[in-house]
Amino acid sequence: MAGDSRPVAVVRPGESVEQALYEVQQKVYPRAVHGLFAAWRWALVWATQLVFYGTAWLSWNDRQAVLFDIAHRKFYIFGLVFWPQDIVYLTVLLIISALSLFLFTAVAGRLWCGYACPQTVYSEIFMWIERRIEGDRNRRIRLDQAPWGTRKLALKGAKHGLWILLALWTGFTFVGYFTPIRELWAEVLAADTGPWETFWVLFYGFATYGNAGWMREQVCKYMCPYARFQSAMFDKDTLIITYDRERGEPRGSRSRKSDPAALGLGHCVDCKICVQVCPTGIDIREGLQYECIGCAACIDGCNQVMEKVGYPKGLIRYSTTHAMEQKLTRAQMFRHAFRPRVLLYSAILVGIVIAAGVSLWLRVPLKVDVIRDRAAIAREVEGGQIENVYRLQLMNTEEEERYYYVVVGGLPGIHLATPGQFMVDGASSRMVTVRVRVAPGAVQPGTHAIQFQVSAAGVAGVEVREKSVFIVR
């Protein structure tokens, strides 16, 4: 096509198409870094893993504190028991999670990715194990380039052995939230786990080992959808990791005692520490890139170098596009952060959280489903009375047994022809059959609205009303 300036791939004789179109992924060797943001990242690693690994072993009312019992369709979360009818709370939880992600991204970019995402957390743990066994960046590079021998085989074997043990323990803990973990542990020791438990322990363990041990930055760059649409949530007042090009350029090496102004250089000494510490292997000096997960490792690395050469810190820092363009002070930058978009997200999020909390506080620990017996829609019994039969499913969401009274109303002379008191065990349901009768001639033929009222004996406020219909022929 005339005027088309797009580059054309040329395949030379003897060269395969794959060589011309595909570049082999280069392994990234992140360098260890220390600083404020690294400390925050490790604090969140500890916090998230203590919650994940520890919560499964907590007990509550002689049961596991957090257990998603799919087989019996009950979710236990400390003192709360959720049933399939409580799916609205799952919906609310997903909405809160989505709004939180939108809010944090609008304020400060990929905070979730950089500090709390499982991929980041487990990559940090696996890299820590790698550094303890194989050494820091340069030693790992030399080890990978060295020929295979006893030392290399021992180091690689020890590293992968620990990775596999941690991955399997992670898979075991994950399954322990769906199968009581103490029972699961006894089954593991006896080599008697069921097929589904075995599959999910191995599958989740394999996913952890593969993602955190082998794929790492490739998950963030190619597999995670968030990397692709994050820019839609950014604007010029979003805090992002930024290289101060005006201060840093032109970059170049120099001695510590030299004056950069006299040499015509900026503050960037071109040490490439910011590239070496980056877990995705990008150069932040080239501007914001979708591969950046916002971990701020480059900030800590650059600040260490600036401190050594005697320059002010902050050559790479959290800033906004407006702050860089308009040279805003830190106070002005943070004032711009509280813009209408952020305030709207915050207001909606707080409102939903408060509403969900109030709903849980006022939640009645009883659920009732009324089902008509279709085998006997309406029939005439002794004395000419009209009888309809119903099945009531009583669900006790508390963890102690309760007695419930059932009464019916809505029509003149309507009453139960069966006992109206039933006992339901804690955190269980019971299906009961009740016969409802109306005196002859009390109501006209047709369909009439009635109401069942179920209340807990001796407990104020535990009462549920459910509507149904009574048929007279």
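Predicted model: local features only at pLDDT ≥ 70, side-chain atom pairs only at ≥ 80, totals over all residues.

**The open sheet and its edge**

Four strands form an open sheet in the order E13-E11-E15-E16, and their pairing is antiparallel. At the edges lie strand E13 (421-424) and strand E16 (463-472), each of which pairs on one side only. From one strand to the next, the twist averages 30°, an angle taken between N-to-C directions on a scale from 0 to 180 degrees, with axes as lines fitted to C-alpha atoms.

Residues are numbered from 1 along each chain as its sequence is written, and side-chain values use heavy atoms, leaving out hydrogens and water. Helices (H or I, at least four residues) and strands (E, at least two) are DSSP runs numbered from the N terminus, and two strands pair if DSSP finds at least two bridges between them.

Strand E11 (residues 402-409) pairs with E13 in the antiparallel sense over four bridges. Across that pairing, Arg402 stands opposite Val424, and Tyr403 is opposite Met423. In a regular strand, side chains alternate between the two faces of the sheet. E13 has Phe422 and Val424 on a covered face, with Gln421 and Met423 on an uncovered one.

Next, the helix. H15 (residues 297-309) has 13 residues and spans 19 Å from first C-alpha to last, close to the 18 Å expected at 1.5 Å a residue; that expectation is 1.5 Å times one less than the number of residues. Because 10 of its 13 residues are buried, H15 is largely enclosed by the rest of the structure. Buried here means under 20% relative accessible area, exposed over 50%, and partly exposed in between, using a 1.4 Å probe and protein chains only. Among the buried residues of H15 are Cys298, Cys302 and Met306. Their cover, judged by contact (heavy atoms within 4.5 Å), includes helix H2 (36-55) and strand E7 (316-319). Just after H15, Gly310 takes a positive phi of about 85°.

Finally, the cysteines. With a disulfide defined as a pair of cysteine sulfur atoms within 2.5 Å, the count is zero. The sulfur of Cys117 has its closest cysteine sulfur in Cys113, 5.7 Å away and so too far for a bond. Cys278 is in no disulfide either, the nearest cysteine sulfur being that of Cys295 at 6.0 Å. Cys117 counts as buried at 17% relative accessibility, and Cys278 is buried with a relative accessible area of 10%.
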